[in-house]
Amino acid sequence: MQELSEWDSFYVIVSSAAGALIGLQFVVMTLLAERASPRTGEATAAFGTPTIVHFSFALFLAALLRAPWGEIAVPSVLWGLMGLGGVVYSILTVRRMHGQAAYEPELEDWLFHAVLPIGSYVALVVSALAAQGHLHRALFGAGGAILVLLFIGIHNAWDSVVYHVVVMRAQNGKE
């Protein structure tokens with residue numbers, strides 16, 4: 001299918017970045033595990049695990065759309081289901097953010113852990129629904145959503161590292 005082949009290098013770049021960042025996040029979390037506090041598990045479920053989920057969604061969607069499909073029906077249904085799953089997962093993440101006591105989320109946290117992910121996953125659903133009649137535009141919608149998920153993951157991974165290295169180190173030095 002010509003429309004998908006034109007996106008070849010985009011999805012190769014996205015999937016490579018997502019895969020590398022998943023590995024890097026695992027390394028960082030392993031290093032930070034040495035300084036775990038009793039509430040770290042709650043915070044990791046609310047802030048760390050969603051980062052891996054977003055990277056994984058980006059990687060899977062890139063692989064899905066790189067496969068040599070003969071028509072768009074199957075991949076669009078799959079990417080729509082991924083979008084629905086992402087919306088549900090993001091809502092669960094919001095609940096976890098409310099339920100954890102290790103860290104008080106700020107506006108930026110709500111934006112990058114709730115608003116932007118939900119918006120990206122909704123964009124995946126909408127673009128999947130539009131794929132049958134407007135494939136060219138739908139692929140731009142899916143491409144935009146996957147790129148936003150990748151940038152959300154990069155932001156959240158960096159934010160997590162900075163928090164643990166700068167803020168937690170400062171708090172541990174005062175104790």
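Gly-143 is located in helix α6, which spans residues 135-174; helices (H or I, at least four residues) are DSSP runs numbered from the N terminus. The model is predicted, so that local features need pLDDT of at least 70 and side-chain atom pairs count only at pLDDT 80 or more, while totals for chains, interfaces and linings use all residues. Residues are numbered from 1 along each chain as its sequence is written, and side-chain values use heavy atoms, with hydrogens and water left out.

With a relative accessible area of 3%, Gly-143 is buried (under 20% relative accessible area, with a 1.4 Å probe and protein chains only; exposed is over 50%, and partly exposed lies in between). Val-14 is 129 residues from Gly-143 in sequence, and their C-alpha atoms are 9.4 Å apart in space. Of the 175 residues in the chain, 40% are buried. The chain contains 6 helices and 0 strands.

Helix α4 covers residues 73-99 and includes Leu-81. The axes of α4 and α5 (residues 107-130) come within 7 Å and cross at roughly 160°; axes are lines fitted to C-alpha atoms, for helices over the stretch in contact, and angles run from 0 to 180 degrees between N-to-C directions. The two helices are therefore roughly antiparallel (angles over 145 degrees).

Leu-81 counts as exposed because its relative accessibility is 51%. Together with Val-74, Val-77, Leu-78 and Leu-84, Leu-81 forms a nonpolar surface patch with about 420 Å² of accessible area. Accessible areas come from the Shrake-Rupley method with a 1.4 Å probe.

Definitions and conventions
Patches are made of residues with over 30% relative accessible area and no salt bridge: like charges are joined within 9 Å, nonpolar side chains (Val, Leu, Ile, Met, Phe, Trp, Tyr) within 5 Å. A salt bridge is a side-chain nitrogen of Lys or Arg within 4 Å of a carboxyl oxygen of Asp or Glu. Angles under 35 degrees count as roughly parallel, over 145 as roughly antiparallel, 65 to 115 as roughly perpendicular and the rest as oblique.
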